[in-house]
Amino acid sequence: MKEKLKRFQWALLTVLVFCLGGCKDDDAVDATSVPFDPTQPVVITDFTPKEGGAYQRLLIYGENFGTDKSQVKVKIGGVDAVVINVKSTYIYCFVPSGAFDGNIEVTVGEGDNAVTAAASTPFTYEKKMVVGTLCGYRNDNDNQGWRNGPFEGPDNVRACGFANPGFMAVDPLNKNHIYIAYDGHKQIQLIDLERQWVEDAMDINEIPTNRIRSICFNKAIPGYAEEGEYMFIAIDYDGQGNTSPSVYIAKRNPSTNQFDNGSEVNLIASYKQCNGATVHPINGDLYFNSYELGQVWRLDLKKYFDVINAGRNWTPNVVDHPELFDYLFTIADPNWEFQIYFHPTGKYAYISVINNHYIMRSDFNEETQRLVTPYVFAGGYKQSGYSDDVGASARFNNQRQGVFIYNPDYAGSEDEYDYYFCDRLNFCVRKLTPEGIASTYAGRGSTSALGDGNQWGTDDGDLRETARFRDICAIVYYPEENIFYIQDEVGRTIRTISMEEDPSETVVDEGGDTTGETGTGDESTEVSNE
């Protein structure tokens with residue numbers, strides 16, 4: 001409703017600007033075309049709308065603004081606004097990001113001839129979710145390479161890389177740690193949010209390829225494993241046919257409590273051409289796949305731990321030991337990459353067929369405790385494109401990692417989660433509702449695109465008006481802080497989507513650290529669903 005009201009206000013504002021500029025009689029046109037007179041005061045009489053967020057269109061009424069846009073400067077909340085059009089009696093501009101106190105100031109002219117006026121009441125600035133950049137960069141020659149280091153600093157010091165299709169996972173035992181693996185870079189990196197540092201975590205010599213396709217952590221299995229004790233690493237390899245390694249299990253290094261070169265790594269599943277492995281969020285079973293024929297297998301991890309704890313050798317070959325692995329189904333789309341993403345309740349999973357541009361749904365059979373044969377849920381088979389629509393009418397292009405996020409608007413409904421995912425070659429983050437309605441959440445900024453005609457870029461700012469991405473692949477979400485972290489492959493960066501921060505709301509605790517007054521907790525309900 002709020003978004004519809006804003007659109008209605010903007011429609012009225014557009015008509016008003018049009019009429020002020022071209023719908024009046026000759027005398028009225030002359031009244032708006034009077035040049036700036038530096039001997040007279042500049043006056044602000046009103047502005048509309050009275051409230052809004054960054055990139056809100058704003059019309060300022062007054063006197064003696066002149067007609068030369070280059071001579072007019074507008075500050076809102078102390079931040080320079082983009083001025084679009086100027087007439088003697090009005091100024092048309094965009095509210096800038098970070099205009100928190102909302103004070104409006106107009107300056108016309110330069111030097112000794114400059115005249116400044118302030119509005120008697122402030123614009124009510126509403127904070128909103130915006131895109132930012134956490135770390136990394138891409139220079140003009142794209143030769144910055146790979147380097148560990150701090151988030152901030154000179155180009156020859158700060159962290160860079162992030163240049164292959166990636167997959168991220170948040171450490172369940174240390175939420176300040178994000179692990180990221182790459183298809184084409186034989187390294188798992190650690191993004192340390194507390195230290196603001198990027199470093200190599202695991203150089204996995206046991207793995208015969210650099211094609212790491214996914215990473216995830218185990219759920220708690222009482223009597224067998226604590227949550228987060230193990231990491232599963234899926235790889236794409238076919239050097240040994242049906243006995244090719246598919247999924248490795250790495251044990252957290254007890255001396256560092258991290259996954260690093262001191263972690264014990266063993267093979268847990270063998271077939272070939274694996275695109276991903278994931279864990280059921282309730283019972284902890286391991287699911288993995290092969291794009292050879294579109295097969296999906298399940299492993300009850302208790303079987304694995306029973307064998308290991310008994311001191312016997314684990315035989316990971318899926319074909320020769322079907323008693324250890326449950327073959328579930330094929331997705332009837334062989335030789336195409338796909339990955340599985342479980343709903344937080346475990347009641348179903350989305351199967352994202354990456355190169356064929358559609359998403360399937362597989363429901364979970366509570367009686368058999370297994371996923372069942374999936375069906376197409378959104379997107380068109382082999383129909384790449386870009387379209388916000390419903391179900392099979394929606395169009396995606398190389399959709400990658402996704403996350404389920406609780407939506408408070410759905411409270412009490414059968415399904416209370418939306419699905420956000422990286423639409424890699426459409427350069428945006430998409431959202432899929434439980435009903436199959438696909439929309440664009442962030443990226444493809446229209447304002448920026450006016451400058452170069454591209455829907456891709458590195459621009460931060462308003463989710464849809466300004467922000468642009470380039471080939472985003474990986475995404476994770478922190479509900480406590482209401483923050484997304486996104487890997488921008490071609491931009492060579494880790495991007496963020498978060499609520500704007502008002503410096504005036506930052507306080508210093510007794511230890512000297514800065515914190516936000518709003519804190520954390522229920523902020524996960526603030527994800528924008530406009």
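Arginine 430 and aspartate 423 pair up in a salt bridge, with their closest N and O atoms 2.6 Å apart; the term here covers a side-chain nitrogen of Lys or Arg within 4 Å of a carboxyl oxygen of Asp or Glu. Arginine 430 is buried, at a relative accessible area of 0%, and aspartate 423 is buried too, at 0% relative accessibility. As for the cut-offs, buried is under 20% relative accessible area, exposed is over 50%, and partly exposed is what falls in between (1.4 Å probe, protein chains only).

This is a predicted model, so local features need pLDDT of at least 70 and side-chain atom pairs count only at pLDDT 80 or more, while totals for chains, interfaces and linings use all residues. Residues are numbered from 1 along each chain as its sequence is written, and side-chain values use heavy atoms, with hydrogens and water left out.

Salt bridges also turn up at residues with some accessible area. Lysine 75 meets aspartate 80 through their side chains, at 2.8 Å from N to O. Here lysine 75 is partly exposed, with a relative accessible area of 31%, whereas aspartate 80 reaches 51% and counts as exposed. Then there is the salt bridge between the side chains of arginine 138 and aspartate 142, at 3.6 Å from N to O. Both ends are partly exposed: arginine 138 has a relative accessible area of 38%, and aspartate 142 comes in at 28%.

Taken as a whole, the structure holds 30 salt bridges. Some of the residues involved are joined up in a network of salt bridges, namely Asp183, Arg211, Arg213, Asp236 and Glu337.
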